[in-house]
Amino acid sequence: MRVTVVGAGVVGTMHAWHAVERGHQVVQIEREAEARGASLRNFGQIWVSGRAGGEELEAALRARELWEGIGGRVPALGFRPNGSLTPVRGPLELAVAEAALARADAAARGYKLLTPGEARALNPALRGDFTAALYCERDAAVEPRTAQLALRAELLKSPNYTFLPGREVRDVTGAGTVRDDHGDTHHADAVVLCTGAWLGGLVRELAGPDLPVRRVRLQMMQTDPLGEPLTTSVADADSFRYYPAYASKALDELNARQPQPDTAAAHKMQLLMVQRADGGLTIGDTHEYEHPFAFDTVEEPYEHLTGVVESLLGRPLPRVRHRWAGVYAQCTDPGKVVHRQQVHEGVWLVTGPGGRGMTCAPAIAETTANELGW
């Protein structure tokens with residue numbers, strides 16, 4: 001079978017990976033020299049802990065398994081099963097953590113409630129004051145800025161894989177015919193459009209104006225090396241307000257009695273933090289849903305995040321090296337892991353994983369391959 005994949009972000013690259021693994025001939029087309037969107041501008045987290053129960057958690061756990069297997073073959077991915085810690089303070093935040101532990105799927109996530117001493121034994125960099133910490137053993141991480149490069153280097157070892165960068169797709173017709181802006185036509189048995197947050201133009205023409213996907217903007221930053229290991233990913237209790245796994249009466253009580261600080265509420269914030277291979281910290285993030293998005297980054301969220309991180313580390317944050325904004329595509333139906341739609345004969349659009357993209361991409365692509373009979 002011949003497969004054309006449009007888009008070289010993590011979702012597109014994982015579709016190419018599964019197709020090549022199953023013995024198919026693959027052409028992957030990317031409009032940039034390399035993908036530069038949300039697939040690079042994220043935490044690199046394989047984030048199981050906060051996923052909604054049911055289909056979303058199953059996808060995350062399957063993806064976690066696939067990431068580990070691929071990471072064993074491609075060490076440059078930087079896969080590491082580092083787990084995560086969410087320190088909590090006070091009885092209201094503690095009650096939300098305890099409610100999470102009572103979930104029927106808590107064991108599948110690897111949830112444990114740790115004392116401060118146990119948490120520091122696991123991650124000695126957390127020297128700040130906190131009441132307890134929710135540990136999720138199944139969380140993991142990869143290096144987002146280089147993961148696609150590493151995957152592509154492995155794919156290029158196969159004679160069945162061709163990568164065509166710097167080409168924008170201008171037309172897609174039935175029977176798997178794709179025309180790019182170089183005037184070349186690519187014929188395949190199946191075409192998968194993994195266009196990320198690019199939802200206008202050709203995507204709108206093919207999928208229609210009522211695509212159930214929205215764009216979300218975020219702000220993040222990265223520091224100089226910390227100078228010591230941050231052995232787990234770290235979240236704060238505001239992540240309880242953001243991720244569906246933590247929905248409970250205890251969370252309702254937290255929201256009612258202990259609302260977020262004004263800056264965090266205004267920018268729909270949570271803290272997530274991961275240490276990069278060079279020792280720096282990736283820290284975020286904000287969420288902006290209303291269009292038109294701002295074109296600049298604002299400083300108040302960074303100041304808020306710095307304060308939260310320093311309170312957990314018990315030390316000053318290293319110098320901030322990078323600040324950036326990114327945009328990802330998210331299904332408007334929170335119950336869907338991804339939007340998968342046949343938009344033409346032999347042509348499928350796969351988009352809208354939202355913040356689940358890096359986590360779930362291997363499982364999303366595997367499902368596409370299974371459903372299309374690759």
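# Cysteines, strands and a few buried residues

Author: C194 is buried, at a relative accessible area of 7%. The model is a predicted one.

Reader: What counts as buried here?

Author: The cut-off is under 20% relative accessible area, so C194 at 7% falls in that class.

Reader: How many disulfides are there in the whole structure?

Author: A search of the whole structure gives zero disulfides. C194 takes part in none, and the nearest cysteine sulfur, in C331, lies 13 Å away.

Reader: And how far is the sulfur of C360 from the closest cysteine sulfur?

Author: It is 11 Å, again with C331 as the partner, and that is too far for a bond. A disulfide needs the two sulfur atoms within 2.5 Å. C360 is itself buried, with 0% relative accessibility.

Reader: What does T195 touch, away from its sequence neighbours?

Author: Leaving out residues up to four places away in sequence, T195 touches V6, V203, L349 and V350.

Reader: Which strands does it pair with?

Author: β2 (residues 25-30) pairs with β1 in the parallel sense, over five bridges. The chain gets from β1 to β2 by way of helix α1 (residues 10-21), a β-α-β crossover that is right-handed. β12 (residues 190-193) also runs parallel to β1, joined to it by four bridges.

Reader: Which residues is R152 in contact with?

Author: Beyond its neighbours within four places in sequence, the contacts of R152 are A8, T13, Q28, E34, Y161 and F163.

Reader: How far apart are R152 and T4?

Author: They are 148 residues apart in sequence and 15 Å apart in space, C-alpha to C-alpha.

Reader: Another one: D180. Buried or exposed?

Author: D180 is buried, at 0% relative accessibility. It lies in strand β10 (residues 177-180).

Reader: What does its side chain make a polar contact with?

Author: The side chain of R167, at 2.9 Å. Setting aside neighbours within four places in sequence, D180 is in contact with R167, E168, V169, R170 and H186.

Reader: Last topic, helix α9. Which of its residues are buried?

Author: In α9 (residues 249-257) the buried residues are A250, L251 and L254. Viewed down the axis of α9, they fall within an arc of 100°, so they line one face of the helix.

Reader: Why would residues a few places apart point the same way?

Author: An α-helix has 3.6 residues a turn, so residues three or four places apart point the same way.

Reader: What do the buried residues of α9 pack against, and which residues are exposed on the other side?

Author: The buried residues of α9 pack against α3 (90-101) and α8 (238-242). On the other side of α9, the exposed residues are K249, D252, A256 and R257.

Terms used. Residues are numbered from 1 along each chain as its sequence is written. This is a predicted model: local features need pLDDT of at least 70, side-chain atom pairs count only at pLDDT 80 or more; totals for chains, interfaces and linings use all residues. Side-chain values use heavy atoms; hydrogens and water are left out. Two strands pair if DSSP finds at least two bridges between them. Helices (H or I, at least four residues) and strands (E, at least two) are DSSP runs, numbered from the N terminus. A crossover is right-handed if, with the strands pointing away from the viewer, the path from the first strand over the helix to the second runs clockwise. Buried means under 20% relative accessible area, exposed over 50%, partly exposed in between (1.4 Å probe, protein chains only). A polar contact is a pair of N or O atoms within 3.5 Å; within protein, one must be able to donate a hydrogen and the other to accept it, and residues adjacent in sequence count only if both atoms are side-chain atoms. Contact means heavy atoms within 4.5 Å. The arc is that of the directions from the helix axis to the C-beta atoms.
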